[in-house]
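Here is a briefing on one protein chain. Keep the structure open while you read.

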Amino acid sequence: MTLGGAECRFTNASRTLLMNLSSLDWEAEILEIMGIPRQMLPEIRPSSAIYGQATGILAGVPIAADLGDQQAALIGQTCFQVGEAKNTYGTGCFMLLNTGQQKVISQHGLLTTVAYKLGDAPVVYALEGSIANTFGAP
């Protein structure tokens with residue numbers, strides 16, 4: 001796969017806590033406090049941007065979507081409406097709740113994050129709760 005340059009999707013940039021969830025850009029004040037030069041960070045792009053082209057047997061096929069795993073599961077579970085949520089179980093248990101275009105600040109320890117941004121459409125936010133280790137029934 002070939003990529004056009006240093007790029008990062010909104011979903012993963014929001015997880016660094018270096019991105020401003022309102023401006024959808026790197027937060028200058030935090031970068032300054034942390035001593036992180038802005039020029040070393042990638043461009044932040046929508047979840048459905050064309051990121052590059054495949055090579056080899058799939059040469060020329062565009063790579064046209066890139067989401068963090070939990071956000072991809074939210075879309076995969078078709079949670080497109082405000083209030084719809086998904087749970088996934090694996091190495092941990094992860095719940096994401098679609099809050100639409102509104103950033104909801106949790107009163108109960110959930111993380112406000114970017115759910116996705118598709119093309120020119122407004123960004124969609126989510127609340128996330130996670131449990132680091134989960135075990136299924138024997």
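From the N terminus on, the elements of the protein chain follow the order β-β-α-β-β-α-β-β-β-α-β-β-β-β. That makes three helices and eleven strands. The model is predicted.

**Whole chain**

- The C-alpha trace spans about 45 × 45 × 30 Å along its principal axes.
- The protein chain has 138 residues, and 36% of them are buried.
- Take the contacts with a separation of 6 or more: 50% of them come from residues 24 or more positions apart.
- The protein chain exposes about 8,200 Å². Carbon and sulfur atoms supply 58% of that area.

**Helix α3: one side in, one side out**

- Helix α3 covers residues 69-76. Its buried residues are Q70, Q71, A73 and L74.
- Why do these residues lie on the same side of α3? They cover an arc of only 155° around the axis, and that puts them on one side.
- What covers the buried residues of α3? The cover includes helix α1 (10-15) and the strands β8 (85-89), β9 (93-100), β10 (111-116) and β11 (124-131).
- T78 follows α3. Its phi is positive, near 55°.

- Side chains alternate along β8. K86 and T88 point to one face and are buried.
- A hairpin of three residues joins β8 to β9.
- These two strands, β8 and β9, pair in the antiparallel sense over five bridges.
- Y89 has C93 in β9 as its bridge partner.

**Strand β11 and its partners**

- Is β11 largely enclosed or open? Six of its eight residues are buried, so the rest of the structure largely encloses β11.
- β11 pairs with β9 in the antiparallel sense, over seven bridges. In β11, Y125 stands opposite G100.
- β11 also runs antiparallel to β10, and five bridges join the two. Here L111 stands opposite E128 in β11.

**Salt bridges**

- How many salt bridges are there? The count comes to two.
- E128 counts as buried, because its relative accessibility is 6% and the cut-off for buried is under 20%.
- R15 counts as partly exposed, at 32% relative accessibility.
- R38 forms a salt bridge with D25. Their closest N and O atoms are 3.3 Å apart. This pair also links distant parts of the chain, 13 residues apart. R38 is in the loop between α2 and β5 (43-45), and D25 is in strand β4 (residues 25-26).
- Buried or partly exposed? R38 is partly exposed, with a relative accessible area of 37%. D25 is partly exposed too, at 33%.

**Nonpolar surface patch**

- I30, I33 and M34 make a nonpolar surface patch of about 310 Å².
- M34 lies in helix α2, which covers residues 28-34.
- M34 is exposed because its relative accessible area is 55%, and exposed means over 50%.

**To take away**

Note on methods. Residues are numbered from 1 along each chain as its sequence is written. This is a predicted model: local features need pLDDT of at least 70, side-chain atom pairs count only at pLDDT 80 or more; totals for chains, interfaces and linings use all residues. Side-chain values use heavy atoms; hydrogens and water are left out. Buried means under 20% relative accessible area, exposed over 50%, partly exposed in between (1.4 Å probe, protein chains only). Helices (H or I, at least four residues) and strands (E, at least two) are DSSP runs, numbered from the N terminus. The arc is that of the directions from the helix axis to the C-beta atoms. Contact means heavy atoms within 4.5 Å. Two strands pair if DSSP finds at least two bridges between them. Patches are made of residues with over 30% relative accessible area and no salt bridge: like charges are joined within 9 Å, nonpolar side chains (Val, Leu, Ile, Met, Phe, Trp, Tyr) within 5 Å. Accessible areas come from the Shrake-Rupley method with a 1.4 Å probe; for residues, only the protein chains shown count as cover. A salt bridge is a side-chain nitrogen of Lys or Arg within 4 Å of a carboxyl oxygen of Asp or Glu.
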